Amino acid sequence: MKKKFESNVATEIPKTKLHEPELPWKLTEEEVGQIGSKDDDFRAAIAGSSPLKTRAPFLILLVMTIFGITTYLISSAVMENEKMRTSVAKKNSELSLVQMNLMKAVAEKEAVNKNSAQLEKKVSDLTAQKQLFASVIESLTKKGEDIDAAPATPILAMTPAGNTAAPAAQTPETNAAAPASQTGPN
Amino acid sequence: MTTASAKKQLFLNYKGGTGKTSISSAYGYCLAVMGKRVLMVDLDAQAHLTTCLDQEGARRQDKSLYSVMVKGDNVADIIIPTSLPLLKLIPSSLSLSALEVPLFKMHLREFRLRQVLKDVEKDYDFIIIDSAPSINLLGLNAILASDEILIPLLADFLSFHGLKILMETLASIETDFRFYLGKIHIFLNRFNPQYPICGECKEAVHKFYPEYALQTVINESHEIIDASSMGQSVFEAYPDSAVAADIKNLVYEVNSKNFDDMVKNFGELVKNP
């Protein structure tokens, strides 16, 4: 009968928590109790006292944090302001440069306009002179043709006495001097 | 003394008639008499634990463990009182037999009972679960929900063979779910020292399962059977019987580490609960 019991034993049996590996960080009951008593001691110690005393490091840390954040915000605002000011000054200098260039261009334009007016006047004078010369040349040419076509009479017989100097006054040399006196200093 | 959350103890054996229900009802009653807040959970669709605690009417109520586990009803709504103020019961009904199918389709189906009991475990010192004598999903839920497993064993060869199957099943559950079960306690029930087989069986249990075998045995007696037929606990019907003392010893041995503050004058409390 005993043999039958022996041959009917479970080949695998549950390990259960008896064989659960002990964790290195597992706390014992005593340690948990100690932690609890420490907590109680601390609670008793801080009961009725001001938070500044009991939580001084926390408060100091809080104040330092707030100070740090405020300083950071102010300094970043100042830096931003400075940057903007620099940028505005740069833009102003650029603007004045552009204005100067503009003024220069305006002056140049005026000078060019003046020059062009003078040149136009000169051109008109020259045109007028050209027309005058053309008319003189035409009249001289016509006069020459008339002389060629006239009968061969003595020049002295045909011309009145007072007119002997007139042809000399109408020579091209004297005619050329007349328009020159009309053109003026231009 | 009150604990942060209840210790969950499961009476388990896949073999029928080993005394799971009768001993678990007396065990829970004993704890409640000792001043512990106890919740009994009947997981057997036959609802014999419910009957043992004289709460047969609860079998016909609308809400049951089925509606809690499947429909998500509040577990506190199905807990009913018993004759002892500290002893409460989650009754069973035939609806539990139909639980398997909807449970099988659910997410985390093996841990539903664990989740359900989590909602009330703060209110009790002990939760005693009486499982059905079958291998099913509800049984697996009970195993995974419990902290300790109590295995009542008849002192004969077939029960010993059933124990082999049970232990191998529990070992495979540990492997499959990759966790360690809580303590296991094996104790002999209906022990008769006059039968040689009982002695041999006891010897074999202590030899082959030394870490789990308890010294306490529940001796064969008629009182516990009579008490259940009267709808009373053996502590009510036969408080001075030998079997009552055996169950008390079982309570002490299983919970020895947690019972330093246990009530000394237990006898008086039984008489005046």
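Which residue forms a salt bridge with Lys8(B), the closest N and O atoms being 3.9 Å apart? Asp147(B) does, and the views below, all from a predicted model, start with that pair.

**View 1. Lys8(B), Glu121(B) and Asp147(B) share one salt-bridge network.**
In the pairing of Lys8(B) with Asp147(B), the closest N and O atoms sit 3.9 Å apart. This pair links distant parts of the chain, 139 residues apart: Lys8(B) belongs to strand β1 of chain B, and Asp147(B) to the loop between α6 (137-145) and β6 (148-154). Lys8(B) also forms a salt bridge with Glu121(B), this time with 2.7 Å between the closest N and O atoms. Glu121(B) lies in the loop between α5 and β5 while Lys8(B) is in strand β1 (residues 7-11), so this pair ties together parts of chain B that are 113 residues apart in sequence. As for burial, Lys8(B) is buried at 9% relative accessibility, and Glu121(B) is buried too, at 10%. Asp147(B), at 32%, counts as partly exposed.

**View 2. Lys207(B) and Glu6(A) meet in a salt bridge.**
Here the N to O distance is 3.4 Å. The pair crosses between chains, running from helix α8 (residues 196-208) of chain B to helix α1 (residues 2-6) of chain A. Lys207(B) is exposed, with a relative accessible area of 51%, whereas Glu6(A) is partly exposed at 43%. Over all chains, the structure holds 8 salt bridges.

**View 3. A patch of positive charge sits on the surface.**
Lys17(A) gathers here with Arg114(B), Lys118(B) and Lys122(B). Look for Lys122(B) in the loop between α5 (112-118) and β5 (126-130) of chain B; this lysine is exposed, with a relative accessible area of 55%.

**View 4. Cysteines of chain B, with Cys198(B) in no disulfide.**
The disulfide count over all chains comes to 0. For Cys198(B), the nearest cysteine sulfur is that of Cys201(B), 7.4 Å away; a disulfide would need the sulfur atoms within 2.5 Å. Cys198(B) counts as buried, at 3% relative accessibility. Cys30(B) is buried as well, with a relative accessible area of 0%.

**View 5. Chain A has 7 helices and 0 strands.**
Follow the sequence and the pattern reads α-α-α-α-α-α-α. Buried residues make up 5% of the 186 residues in this chain. Chain A exposes about 16,200 Å², and carbon and sulfur atoms supply 65% of that area.

Technical notes: Residues are numbered from 1 along each chain as its sequence is written. Chains are lettered from A and ligands numbered from 1 in the order in which they are written. This is a predicted model: local features need pLDDT of at least 70, side-chain atom pairs count only at pLDDT 80 or more; totals for chains, interfaces and linings use all residues. Side-chain values use heavy atoms; hydrogens and water are left out. Patches are made of residues with over 30% relative accessible area and no salt bridge: like charges are joined within 9 Å, nonpolar side chains (Val, Leu, Ile, Met, Phe, Trp, Tyr) within 5 Å. Accessible areas come from the Shrake-Rupley method with a 1.4 Å probe; for residues, only the protein chains shown count as cover. A salt bridge is a side-chain nitrogen of Lys or Arg within 4 Å of a carboxyl oxygen of Asp or Glu. Lys and Arg count as positive and Asp and Glu as negative; His and the chain ends are not counted. The place of a charge is taken as NZ of Lys, CZ of Arg, CG of Asp or CD of Glu. Helices (H or I, at least four residues) and strands (E, at least two) are DSSP runs, numbered from the N terminus. Buried means under 20% relative accessible area, exposed over 50%, partly exposed in between (1.4 Å probe, protein chains only).
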